[in-house]
Amino acid sequence: MLDTTFPSAGAAAVADVRQLARDGRLADSAAAAAPRELARLRGAVYSVAWPLVFARITKPLERQRRHPDCARGLEWLRPDCLDRFHDDVEAVVEHALRRATDPIDNFDGWLATRLSPATVDAHRRRRGEIGALQRPRLPAWLSEALGGDPWLCDLAVQILVWAGVPATAGAELWPLDGWAARRAEVTGAPPGGHDTRDTLDREVRTVLAAMGTRPKWFAEHVERPLGHKRAPVAPMPADGAAEPAPLRLVGPEETDDARLAARAEQALRAIERRLDRGEDPATAVASVVRRVFGSGGDALDRLPHNGSARDDWLATALADEARLDRIVTTVLAVLGR
């Protein structure tokens, strides 16, 4: 169940707020109020503001976003849409408590006229707090870097806008599906499914590369605000569904390279100790290599049969005198002997 709660206020509190507004004393009363009284005034303004915000801002915006379910009512709002709704209502409440300084006969009507400036100002303020440009515009240097291409320049502005939006594009960083429709409008080329997404992905990288020519500007206005986005949470698999693949920070090849490098260091130290004791080089090398690089030392993240090919190669190499001689010569050269 989504949390659609908001500060509740009784009819008496709402009537008091309307009277304070008629007297031109609402802002002054809020500024001088003790915390408990301020909470009562805020709740009363919230009660007046939220239906206006939903009807005049949230519902049209959700229809524009093609969220017909969210446009039905508060209880239908998706979590990110609900967050935006609450942010907008809070912005209108704060605006009213600061700006209602003159007598207002029709508080509800006055509040309706303040919806747009209140929410826009709050939106810009929130963007500024995380480093995003408050009014994204295309810098002249970036337009020049993109060759003045109309679509790439438009895409650059879309990226700057998106960087300051707290929502995410599902599990993706960029809202490529939405930008595909925008691309069709600007270029006149019809959307082409995966081909368009691949093209868009390349174009986004082109724009980001151009932005990256000014590293300080890029870090401040793109990377920093992107870092404030809420990471999407993957849904739990249904009963009987396969477990999701674990997140790997490095690929298996890099893991193998690191593991083999560590084993090589271990083997060299062991061989050097044996040579210091006067052991025959061929015997020392073969014994240590077989023990250190055999499958018995593998980590538990691999199935047992994954090491069979390497074990076969190792056994064959150590049984071949010529190959063993080359291995011994290489090891002695590394050890400086």
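## Helices α8 and α9

Helices α8 and α9 cross with a right-handed sense in this predicted model. Their axes come within 10 Å, and the crossing is at roughly 150 degrees; α8 covers residues 150-163, and α9 covers residues 176-187. Since angles over 145 degrees count as roughly antiparallel, α8 is roughly antiparallel to α9.

On the α8 side, the residues that meet α9 are Pro150, Trp151, Asp154, Leu155, Gln158, Ile159 and Trp162. Their counterparts in α9 are Trp179, Arg182, Arg183, Val186 and Thr187. Sorted by class, this contact holds 7 nonpolar, 2 polar and 3 charged residues.

## Pro150 in α8

Pro150, one of the α8 residues that meet α9, is part of helix α8. Is Pro150 buried or exposed? Its relative accessibility is 60%, so Pro150 counts as exposed.

Pro150 can also be placed relative to Thr187, which belongs to the α9 side of the contact. The two residues are 37 positions apart in sequence, and their C-alpha atoms are 8.2 Å apart in space.

## The protein as a whole

The secondary structure consists of 15 helices and 0 strands. The protein has 337 residues, of which 36% count as buried.

Contacts can also be sorted by the distance along the sequence between the two residues. Among contacts with a separation of 6 or more, 67% join residues 24 or more positions apart.

## The nonpolar cores

The largest nonpolar core has 35 residues, and the members that touch the most others are Leu77, Phe85, Phe107 and Leu111. At least two residues of this core come from each of α1 (11-22), α2 (26-32), α3 (35-64), α4 (79-99), α5 (107-113) and α6 (115-129). Which helix supplies the largest share of this core? That helix is α3, with 10 residues.

Setting aside residues up to four places away in sequence, Phe107 touches Val17, Arg18, Ala21, Leu26, Val45, Val48 and Ala96. There is also a second, separate core of 26 residues, with Leu155, Leu176, Ala210 and Val222 among them.

## Glu223 in α11

Helix α11 spans residues 215-226 and contains Glu223. With a relative accessibility of 45%, Glu223 counts as partly exposed.

Which distance separates the C-alpha atoms of Glu223 and Ala163? The separation is 7.9 Å, for two residues that lie 60 residues apart along the chain.

## Helices α13 and α15

Helix α13 (residues 281-293) and α15 have axes that come within 10 Å and cross at roughly 95 degrees. Because angles of 65 to 115 degrees count as roughly perpendicular, α13 and α15 are roughly perpendicular to each other.

From α13, the contact takes in Pro281, Ala282, Val285 and Ala286. From α15, it takes in Leu324, Ile327, Val328, Val331 and Leu332. The residues of this contact divide into 9 nonpolar, no polar and no charged.

## Val331 in α15

Val331 sits in helix α15, which runs over residues 321-335. At 12% relative accessibility, Val331 counts as buried.

Which residues are in contact with Val331, leaving aside its neighbours within four places in sequence? They are Leu268, Ile271 and Val285. Val285 is one of the residues through which α13 makes its contact with α15.

Methods: Residues are numbered from 1 along each chain as its sequence is written. This is a predicted model: local features need pLDDT of at least 70, side-chain atom pairs count only at pLDDT 80 or more; totals for chains, interfaces and linings use all residues. Side-chain values use heavy atoms; hydrogens and water are left out. Axes are lines fitted to C-alpha atoms, for helices over the stretch in contact, and angles run from 0 to 180 degrees between N-to-C directions. Helices (H or I, at least four residues) and strands (E, at least two) are DSSP runs, numbered from the N terminus. Angles under 35 degrees count as roughly parallel, over 145 as roughly antiparallel, 65 to 115 as roughly perpendicular and the rest as oblique. A crossing is left-handed if the near helix is turned anticlockwise from the far one by less than a right angle, and right-handed if clockwise. Contact means heavy atoms within 4.5 Å. Ala, Val, Leu, Ile, Met, Phe, Trp, Tyr, Cys and Pro count as nonpolar, Asp, Glu, Lys and Arg as charged, and the others, Gly among them, as polar. A nonpolar core is a set of buried Ala, Val, Leu, Ile, Met, Phe, Trp, Tyr and Cys residues joined through side-chain atoms within 4.5 Å. Buried means under 20% relative accessible area, exposed over 50%, partly exposed in between (1.4 Å probe, protein chains only).
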